[in-house]
Amino acid sequence: GCVPTGGGKRKGMKRALLIASGHTDKYFAERVINALREIDNPLMFAAADGGLRTFDMLGLRPALLVGDFDTVEPEILARYLNRPDIEVQRHNPVKDDSDLALAIGALSEKGCAEIYVLGALGGRADHSLANMRLCYAYKKRGVSLYLLDEQNRIRCVLATERHFSLRRDRQWGKYLGFFPIGGTVEIKSLRGVRYPLTDFSLSDETAPTLTVSNEISADSAELELSGDPAAGLLLIESCDREESKWIRS
């Protein structure tokens, strides 16, 4: 399943598909878009700079285009400028935020409560880490980000949410991992997995690798958490490359 379950979909919720890189695989992007279109909620297309190249390959038109446009080819960009059906937010290359962060901010201001992002992972490590941190920053503002690639689905769960559930048949891949962000998270219980936990204080110091490569062993994984109300977990569902259902054989 492309769309995460566990909180239920609110009918009418505004959602966005944001492509952040022109190197996103066309086949993968098509499958994700088709899966998202099956949900009966509005879906907005947006591109951050070079992500416009992927939309161009797909023959799809984003409603929003954001960036300093230093990575998209000028001939591609020219086809999308000055169109009444496309909003363009052009930024100075000397800026404090990345193109992706600016695009997420723009979508948030438009009322998008769920944003699915392609092209945010797998390139430069500094960008990948910054993009994962955006999941936490925007979750605190009430916006759920989902960073997707062929091997990973990454999102944030806040300690104040208390409970998280993930069905095995809705997993992105074989493995489930999570890492604290913004403080210490108390894992009251983690059940339905190969390596359960009970009453464990999870922080950057206590166990930096303990929560890597867990596996769901029951019908669903059930996580009960509390702790620092400012803290959260970066939740990562992943698989080895050869096991990815999204990669063409």
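What follows is a walk through one protein chain, from its overall form to single residues.

This is a predicted model, in which local features need pLDDT of at least 70 and side-chain atom pairs count only at pLDDT 80 or more, while totals for chains, interfaces and linings use all residues. Residues are numbered from 1 along each chain as its sequence is written, and side-chain values use heavy atoms, with hydrogens and water left out.

Start with the whole chain. It holds five helices and 14 strands. Both are DSSP runs numbered from the N terminus: helices are H or I with at least four residues, strands are E with at least two. The C-alpha atoms fill a box of roughly 55 × 40 × 35 Å along the principal axes. The radius of gyration is 18 Å, which agrees with the value near 18 Å for a compact globule of 249 residues. That radius is taken over C-alpha atoms, and the globule rule is 2.2 Å times the number of residues to the power 0.38.

Of the 249 residues, 51% are buried. Buried means under 20% relative accessible area, exposed means over 50%, and partly exposed lies in between (1.4 Å probe, protein chains only). The chain exposes about 11,900 Å², and carbon and sulfur atoms supply 48% of that area. Areas come from the Shrake-Rupley method with a 1.4 Å probe; for residues, only the protein chains shown count as cover. Contacts mean heavy atoms within 4.5 Å. Among contacts with a separation of 6 or more, 69% join residues 24 or more positions apart.

Now turn to helix α4. Nine of its eleven residues are buried, so α4 is largely enclosed by the rest of the structure. Among the buried ones are Asp99, Leu100, Ile104 and Leu107. Gly111 follows α4, with a positive phi near 90°.

Helix α5 covers residues 125-139. Its 15 residues reach 22 Å from first C-alpha to last, close to the 21 Å expected at 1.5 Å a residue. The expected span is 1.5 Å times one less than the number of residues. Its buried residues include Met132, Leu134, Cys135 and Tyr136. The buried residues of α5 pack against α4 (99-109) and against four strands: β6 (144-148), β7 (152-158), β9 (175-181) and β14 (232-238).

Strand β14 contains Ser238. Ser238 counts as buried because its relative accessibility is 17%. Beyond neighbours within four places in sequence, Ser238 is in contact with Gln151, Asn152, Gly173, Lys174 and Tyr175.

Gly67 sits in strand β3 (residues 64-67). Its relative accessibility is 0%, so Gly67 counts as buried. Leaving aside neighbours within four places, Gly67 is in contact with Asp49, Gln89, Arg90, His91 and Asp99. Asp99 is also one of the buried residues of α4.

Finally, consider backbone angles. Most residues other than glycine have a negative phi. Asp199 is not a glycine, yet has a positive phi of about 45°. Asp199 lies in strand β11 (residues 197-202) and, at 65% relative accessibility, counts as exposed. Ser213 also has a positive phi, about 60°, without being a glycine. Ser213 belongs to the loop between β11 and β12 (214-215). At 37% relative accessibility, Ser213 counts as partly exposed.
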